[in-house]
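Here is my note on the model you sent. Please keep the sequence and the structure open as you read.

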Amino acid sequence: MPPLQIARFPESVLTKKSKPIKLVTSHERELLDKMLETMYLNQGIGLAAPQVGVSKRAIVVDAGEGPISLINPIVVQKRGQEAGKEGCLSLPEVMVEIKRAQWIKYRGLDGEGKLVEREAEGLLARAIQHEVDHLDGKLIIDYANPIKRIFLKRRLIKNRRS
Ligand code: ZN
């Protein structure tokens with residue numbers, strides 16, 4: 001099974017709002033498995049479906065505590081705040097400091113279509129918040145101040161051409 005291609009800024013799929021998944025079938029399970037494989041291959045700790053060109057609400061995360069696959073994930077509760085530098089496989093060579101909740105409660109469907117509700121903190125909480133942002137078309141550069149954002153966008157487009 002070949003790994004999936006990672007969409008890179010400024011591909012439009014990255015800034016679109018992804019569609020909810022109505023039914024979890026073997027097709028979705030296969031997508032999640034391929035996303036995990038692609039994430040590990042690229043040494044990422046999270047990947048959202050739009051990052052592989054699929055505008056659907058599915059994410060995978062592994063922040064060192066084992067793989068998590070989620071369909072239609074939402075963050076239902078947040079606590080605390082912590083600043084940390086984040087990168088993104090779709091925005092290579094760019095790091096942005098982002099303040100995120102230190103603790104979250106999240107909800108979604110697993111690969112079997114079963115409802116899961118769990119808590120996460122630290123890096124895992126950060127990774128989940130980052131991936132859920134992707135489903136709403138929100139990228140790490142959107143957290144940078146307007147001047148830095150212009151600079152980062154130019155650099156990304158320039159890197160892509162070279
Ligand atoms: Zn990302």
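The points below go from the metal site to the sheet, the helices and some single residues.

1. Basis. This is a predicted model, where local features need pLDDT of at least 70 and side-chain atom pairs count only at pLDDT 80 or more, while totals for chains, interfaces and linings use all residues. Residues are numbered from 1 along each chain as its sequence is written, and side-chain values use heavy atoms, with hydrogens and water left out.

2. Zinc site. C88 (SG), H130 (NE2) and H134 (NE2) coordinate the zinc ion, at 2.0 to 2.3 Å. Donors here are N, O and S atoms within 2.8 Å of the metal (3.2 Å for Na, K and Ca); water is not among the atoms, so sites may look incomplete. Along the chain, the donor spacing reads C-x41-H-x3-H. C88 sits in the loop between β4 (82-86) and β5 (96-100), and H130 in helix α2 (residues 122-135), so this pair ties together parts that are 42 residues apart in sequence. Helices (H or I, at least four residues) and strands (E, at least two) are DSSP runs, numbered from the N terminus.

3. C88 is buried, at 11% relative accessible area. H130 is buried too, at 7%. Buried means under 20% relative accessible area, exposed over 50%, and partly exposed in between (1.4 Å probe, protein chains only).

4. Five-stranded sheet. The order is β1-β2-β3-β6-β7, in an open sheet with antiparallel pairing. β1 (46-48) and β7 (115-121) are the edge strands, each with a single partner, so one side of each has no neighbour in the sheet. The twist averages 35° from one strand to the next. Strands pair if DSSP finds at least two bridges between them.

5. β3 and β6. Six bridges join β3 (residues 68-79) to β6 (residues 103-109), and the two run antiparallel. R79 has W103 as its bridge partner in β6. R79 also lies over the face of W103, at 3.9 Å from the ring centre. The criterion is NZ of Lys or CZ of Arg within 6 Å of the ring centre and within 35 degrees of the ring normal.

6. β4 and β5. These strands pair in the antiparallel sense over five bridges. G84 stands opposite I98 in β5. Side chains alternate along β5: V96, I98 and R100 point to one face and are buried.

7. Helix α1 (residues 26-41) lies across β1, β2 (58-61) and β3, at about 40° to β2. Helix α2 lies across β1, β2, β3, β6 and β7, at about 155° to β2. Axes are lines fitted to C-alpha atoms, for helices over the stretch in contact; angles run from 0 to 180 degrees between N-to-C directions.

8. V132. This residue lies in helix α2. V132 is buried, with a relative accessible area of 12%. V132 touches I59 and P73, leaving aside residues up to four places away in sequence. Contact means heavy atoms within 4.5 Å.

9. S18. What does S18 touch, not counting residues up to four places away in sequence? The list is P50, S55, K56, R57, H134 and L135. H134 is also one of the zinc donors. S18 lies in the segment before α1 and is buried, at 4% relative accessible area.
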